[in-house]
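Reader: I am new to this structure. Please take me through one part of it closely, and keep it brisk.

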Amino acid sequence: MADVVMPRLSDTMEEGTILRWLKRDGDEVGRGEELVEIETDKATMTYESDQAGVLEIVAPEGDTLPVGALIAHVGGSAAETPVAATAEHDEDGAGSADRGVPAPAPGPPPAAATAGSAPAATRPEPASAPDGDGGRVKASPLARRLARERGVDLRELAGSGPGGRIVRADVLASGATAAAPAPAPAPALAQVSTAKGETTEVELTRTQQTIARRMAESKATIPHFTLQADVDMEECVALRAELKRMAQAGPLTGTPAADAPAPTYNDMVVKASALALRAHPRANSSYRDGRLQLHSRVNIGVAVATDPGAPQGGALIVPTVFDADTKSLGEIARETRALAGRVRDGSITPPELGGGTFTVSNLGMFGVHSFTAIINPPQAAILSVGAVEETAVARDGALVARHRMSITLACDHRILYGADAAGLLAQIRELLERPAALTL
C-alpha cells in the first residue's frame, strides 16, 4: 500500500485540518480523483489522489496534523485479479512483488454493492446518482458550496465531471440565483452569563488562527515604521473615465467589453507600486536570519476580504499578481478581478497565494480615509490605500476642488531606512499623479 501524507498545499503551510473525506474507508480510488478536503493556513483545498486502489483512512475528520504526517493508505483493488495486478505493476513500476510485500487480502465489498455487481471503479452510474454516502449526490466540494449559496438542488443537475460528478461549471450552467438558506450558527465552545451578558466563545477557523499568529509575529518581531503621503488623483480620475468609456464602447483589440474591465484605482496603485519597486529593489526583498534576500521578480499581493458577515467572521486572503511590473494595466485589471472572484468562491489555488514580495491593502471602498496595515512577513513593506475623495486644496492662491487619496507605507526598519522608504513612496505618488506612464 502507498502512504498518503498531509500535503504541503502552500509555501507557508505547516499543518492542515482534515475537514471531510470525499471517499469512504474501503472505497476504490482512481488517480486524479478528489480524495480529501483540507483546511490550510490560507484556504480550504481539495487534494487529489496520486495513487489508484482501495482507500484505508488513518486520520479521521477534524484531525489537525503537520505536513508529512500519515493520513491514509491507498492499496490494491478489492476486486483485483492476478491479471489486473500485473497490469498495475506494468503501468506504475511499483507492484507488490517489487516491494517484496504480498498483496493485501481483499476487503469486504462496499455496503452499497450487491452480489454479482461490477467493481465500483468500472460500474456505470447515473449522472447525478447518490455516491453511497448517505444518499448524497456525487459533487465536488466547490460545487456543493456554490449550490448552497445559490439555492440549487444538486439532485436536479447532471454531472459533467469524472464518473458523473457534478462540478462548479454544472452549477453555474443551471442559471439559478436563488438566495442560499440561512447559515447555521457558528460552533460555540462555551456560553456563560456574566456582567457583560451572555458570552459565547466561537472557535476561529484554521485560516483565522494563522492570520492571528502571523500578525502577532509581525508586530512582535518586525520593527515597523510608517510614512504617509497624499496623492493628487485628478489625472487618474480622468484616465479611468476614459478607459471606462473605451471598455463600454468595445476595445480596439476586439476583446468583448465584459472581458475587458476598466482598471480600478487599486489596479493603478498595483502597477505604480510594481514600477516603483523595480526602481527600488531593496524594498522588493525579505529579511532572513540576518541577511537580505533580494528578489528578481516583482510580485504584488492584493489583500481580498472574504465574507465579513459569515457566522465566524471573514478572513483576509492575499492572492498574488506575478511580475506586475511587466504586465499592462489591462492585464492587471483582468487578473485582480479573476483572483478576487476565486478567493470569494473558494476556488483559489495554493500557487496563487504564495510568492508575493510586496502587498497592497485597500479600504477605500469602505470610505476609510487612511489606515496602517501590518506587514506581511517576510516582506519588507505594505502599502495601505484610502478612499479617493474630492477635497478643497490651495492652488495659485485660490481654493479649488481636487480628488485626493491618502497612502501609507509601513516598512521593516531592518530592511528599509527612512530615506529609502521616502524615495519609494515618492515614486509611487509621482506615477499616480502622472498615470500615463502606467499605460506604457
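Author: Let us begin with a single residue and its neighbours. This is a predicted model. Beyond its neighbours within four places in sequence, Ala381 is in contact with Phe358, Thr359, Ile375, Leu409, Ala410, Cys411 and Leu416. Ala381 belongs to strand β19, which covers residues 381–395. Its relative accessible area is 0%, so Ala381 is buried, the cut-off being under 20%. Thr357 lies 24 residues from Ala381 in sequence, and their C-alpha atoms are 8.7 Å apart in space.

Two of those contacts lead on to the core. Phe358 and Leu409 touch Ala381. Both are also listed among the residues that touch the most other members of the largest nonpolar core. That core has 70 residues. Ile71, Ile300, Leu383, Ile407 and Leu432 are also on that list. Helix α7, residues 265–279, gives this core its largest share, 8 residues. A second core stands separate, with 10 residues, including Val137, Ala139, Ala147 and Leu154.

Now follow Ile300. Leaving out residues up to four places away in sequence, Ile300 touches Val270, Ala274, Leu277, Pro319, Thr320, Val321, Ala324, Phe358 and Val360.

Leu353 sits in the loop between α8 (329–345) and β18 (358–362). Its relative accessibility is 4%, so Leu353 counts as buried.

Technical notes. Residues are numbered from 1 along each chain as its sequence is written. This is a predicted model: local features need pLDDT of at least 70, side-chain atom pairs count only at pLDDT 80 or more; totals for chains, interfaces and linings use all residues. Side-chain values use heavy atoms; hydrogens and water are left out. Helices (H or I, at least four residues) and strands (E, at least two) are DSSP runs, numbered from the N terminus. Buried means under 20% relative accessible area, exposed over 50%, partly exposed in between (1.4 Å probe, protein chains only). Contact means heavy atoms within 4.5 Å. A nonpolar core is a set of buried Ala, Val, Leu, Ile, Met, Phe, Trp, Tyr and Cys residues joined through side-chain atoms within 4.5 Å.
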